[in-house]
Amino acid sequence: MSRSELAYGAFLAYCPRGDDELHKASRRWRDALKNDAIVGNPPKAMTRLVADRMCASLAGTALEGFFTSRTVIVPVPGSSVPQPNQLWVPKRIAEALVEAGIGANVWCCLNRVKRVRKSSNSAPADRPRALEHLESFTVELGLHAPDEIVLVDDVVTRGATLMAAAMKLDARYPKTRIRGFAVMRAVSEPAEFVAIRSPVVARFVWPSQAIAFDDPEGIARIVASPPANSSVASVKPRARSLARTDSGESRSLE
Amino acid sequence: MHPDEVRELRAEELFGPLNDVEERHAPARLFVRGDAQLARGTSRVAIVGSRDASEDGLKRAARLARILAEKQIVVVSGLAQGIDTAAHTSVLQHGGRTIAVIGTPLDQSYPNQNRALQERIGREHLLISQFPIGAPVERKNFILRNRTMALAAHASVVVEARDGGGSLSQAWEALRLGRPLFLMKSLVERTDLKWPAELIQHGANVLEEPDQLLAALPDPQAWSLRDVPF
């Protein structure tokens with residue numbers, strides 16, 4: 001486990017809190033993405049819509065050049081063990097990107113063999129750490145090591161899944177350049193949320209591996225040292241969970 | 001029931017556009033009676049479970065249905081005996097809205113003692129069947145109905161279920177669709193059942209408080225976004 005940072009890109013952003021119309025709209029688009037709902041005009045699957053918009057509008061943004069003709073796109077597994085024909089949004093994103101001419105091909109080489117808690121349903125302290133993710137993945141061996149891999153996920157909050165997936169692939173393909181990409185990244189503070197469309201390239205950095213995996217908040221910091229032409233996002237540890245509620249005894253179902 | 005009250009719709013006409021994963025098990029046509037608007041633009045949660053449920057199970061189903069009704073969330077169930085009946089009845093008692101997805105054609109009831117409840121739901125709420133009037137009632141219908149119920153709901157809750165019960169086909173379908181699935185904590189704590197652990201390994205959540213369910217529900221407007229801001 002030698003990796004302590006991961007370069008990543010994101011095309012859109014959402015704000016998990018906040019009552020402004022923009023905040024609410026961002027969460028609707030996140031929900032559309034997580035369900036691959038049919039949206040837009042003319043209507044199409046959200047994953048296709050995102051790929052088409054990226055294809056048409058990445059020039060001049062931080063994401064220009066992020067994907068190359070040699071990029072092998074690896075979808076990140078969901079938090080649980082999949083069943084056949086199950087909705088797997090990252091795979092659908094990956095396929096839509098390649099169909100739109102972004103990246104070389106899709107390679108589903110990462111498998112989830114043990115469930116981890118779903119980050120979106122967990123309080124920060126309860127979210128799975130990178131180590132838990134790491135132990136729950138297996139990697140299928142390919143014939144040749146790709147030159148570069150971009151791990152693709154639908155939504156990224158603190159990067160633990162992407163980081164663990166990268167570490168798992170590092171072990172198999174130590175000479176391959178590995179980066180991450182999520183269609184949407186979470187901007188925790190409503191005051192810092194500016195727009196749904198906000199292409200960025202940045203890095204997740206763990207201060208040290210020991211701290212990273214035992215960090216009670218489990219927060220990866222995005223540091224201000226991205227590639228020259230990229231914008232930088234900042235993530236602050238959140239004081240409370242989105243899912244945390246005022247659960248009194250009277251609300252219990254049991 | 002007057003035949004004019006029944007409308008035949010495609011699944012996407014009733015629920016809105018479907019992606020290919022949703023289309024896979026969606027019935028080619030649905031027969032509906034009542035307020036079809038309940039199936040679109042609303043938050044919908046399915047409450048399902050055993051026909052021969054325990055008293056505690058019936059209470060849990062009724063309580064969850066009441067909480068959802070108070071939050072203006074539409075409760076979807078299958079009008080079967082036991083958990084389904086408790087859920088529908090509780091919603092009606094508390095002024096909520098409900099959808100019944102049934103395993104018989106709309107002009108038949110199973111069990112027969114739910115005929116009056118079915119009539120009221122068809123008149124004041126929404127009744128859905130994928131079986132045309134005159135179609136035979138077969139055991140497999142209820143499995144197919146459970147898949148349709150998973151499609152109709154943004155999340156599903158299994159309150160009580162036996163090994164091999166019909167609720168499990170709904171549970172697996174909900175997971176396949178990528179929709180949140182919850183198992184009541186009391187169900188997970190039972191040592192005589194193996195399938196809860198299997199469902200959890202594949203993504204089911206343990207429901208201890210209704211707020212967990214409310215937090216997991218997507219915004220129903222996510223299915224009607226047209227103006228793209230990116």
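**Aromatic contacts in a predicted model**

In this predicted model, chain B has a mean pLDDT of 96, with 100% of its residues at 70 or more. The model scores an ipTM of 0.94 and a pTM of 0.88.

**View 1. The stacked pair of A:Tyr8 and A:Phe204.** Across all chains there are eight aromatic pairs, and one of them brings together the rings of A:Tyr8 and A:Phe204, whose centres lie 4.1 Å apart with an angle of 10° between the planes. Because A:Tyr8 belongs to strand β1 (residues 5-14) of chain A and A:Phe204 to strand β10 (residues 197-205) of chain A, the pair ties together parts that are 196 residues apart in sequence. A:Tyr8 is buried, with a relative accessible area of 1%, and A:Phe204 is likewise buried, with a value of 1%.

**View 2. The edge-to-face pair of A:Phe11 and B:Phe230.** The planes of the two rings, A:Phe11 and B:Phe230, meet at 85° and their centres are 6.1 Å apart, so the pair counts as edge-to-face. A:Phe11 lies in strand β1 of chain A, whereas B:Phe230 lies in the segment after α10 (210-216) of chain B, and the pair therefore joins two chains. Both A:Phe11 and B:Phe230 are buried, and together with A:Trp29 they form one aromatic cluster.

**View 3. Arginine over an aromatic face in chain A.** A:Arg179 lies over the face of A:Phe66, at a distance of 4.4 Å from the ring centre.

**View 4. Arginine over an aromatic face in chain B.** Here the ring is that of B:Phe142, and B:Arg51 lies over its face at 5.5 Å from the ring centre.

Technical notes
Residues are numbered from 1 along each chain as its sequence is written. Chains are lettered from A and ligands numbered from 1 in the order in which they are written. This is a predicted model: local features need pLDDT of at least 70, side-chain atom pairs count only at pLDDT 80 or more; totals for chains, interfaces and linings use all residues. Side-chain values use heavy atoms; hydrogens and water are left out. pLDDT is the predictor's confidence in each residue, from 0 to 100. Rings of Phe, Tyr and Trp (its six-membered ring) pair if their centres lie within 6.5 Å; planes under 30 degrees apart count as stacked, over 60 as edge-to-face and the rest as tilted. Helices (H or I, at least four residues) and strands (E, at least two) are DSSP runs, numbered from the N terminus. Buried means under 20% relative accessible area, exposed over 50%, partly exposed in between (1.4 Å probe, protein chains only). A charge sits over a ring if NZ of Lys or CZ of Arg is within 6 Å of the ring centre and within 35 degrees of the ring normal.
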